[in-house]
Amino acid sequence: MPAGIRATVEFDSPSVCPVASVAHSTDSVVDSVSTSVVSTPGDVSVSEFVVEADDPPEASTLEPIFSYGSKHLYRYTHDGSAGCPCECLGEFSCPVDRYFAQRGSLTLVFHAADYEQLQTVIGELRDRFPGLDIKRLVRSPTGDAPGDSVFVDRGKLTTRQLEVLQTAYGMGYFERPRGANATEVAAELDINQSTFSEHLAAALTKLLGDVLEEG
């Protein structure tokens, strides 16, 4: 796996990508995509993907390869005219690790060499595709680091969830042995224990989704 930073970004419009357009038109999910996007001007690259639909999608930019029942394999040739996100990433030699097109949205996972390149690429993507949403950033391990460094988005938490989490942490709720139990933390927050548990569970679920790269 390439070193550097792995970024997960989402685009909210099917028009940004032929694959997303097919997923949108067939009301399906496309998560099996192989591509050979290159950065050298003039070189031709292709993407192949499988879509499962009762009626094969029709698009002038797609080349049908074969069909087997409701599964259809298509090839898309990148010629630089579509201006899709993967072509943009190819211009910066950022390899795409995963595609996921679901109805009207497209999610891409790609690798950047460092923060400087990531900032440049994200800036260019935002200019071309205003609907871009950064979902996750993960820094690859370096040297003797035991694993990935994960960027956790605290913005996912509501103000109350963050307050509950900070209070519980500050009072030693997560320590062993505990510095405070749920009843004591709830009393400090002036809420009942069940409300405390609900806020804490919601906050941890959101943060663990980033740590475990799920959701």
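Start by selecting phenylalanine 196, which is buried at a relative accessible area of 0%; buried means under 20%, exposed over 50% and partly exposed in between, with a 1.4 Å probe and protein chains only. You are looking at a predicted model, where local features need pLDDT of at least 70, side-chain atom pairs count only at pLDDT 80 or more, and totals for chains, interfaces and linings use all residues. Residues are numbered from 1 along each chain as its sequence is written, and side-chain values use heavy atoms, leaving out hydrogens and water.

Now let's look at the aromatic rings. Searching the whole structure turns up four aromatic pairs (rings of Phe, Tyr and Trp, the last by its six-membered ring, with centres within 6.5 Å; planes under 30 degrees apart are stacked, over 60 edge-to-face, the rest tilted). Tyrosine 173 is buried at 11% relative accessibility, while phenylalanine 174 is partly exposed at 36%.

Helices here are DSSP runs (H or I, at least four residues), as are strands (E, at least two), numbered from the N terminus. Tyr173, Phe174 and Phe196 form one aromatic cluster.

Last stop: select glutamate 58, in the loop between strand S4 (45-52) and strand S5 (62-68). Glutamate 58 is exposed, at 81% relative accessible area.
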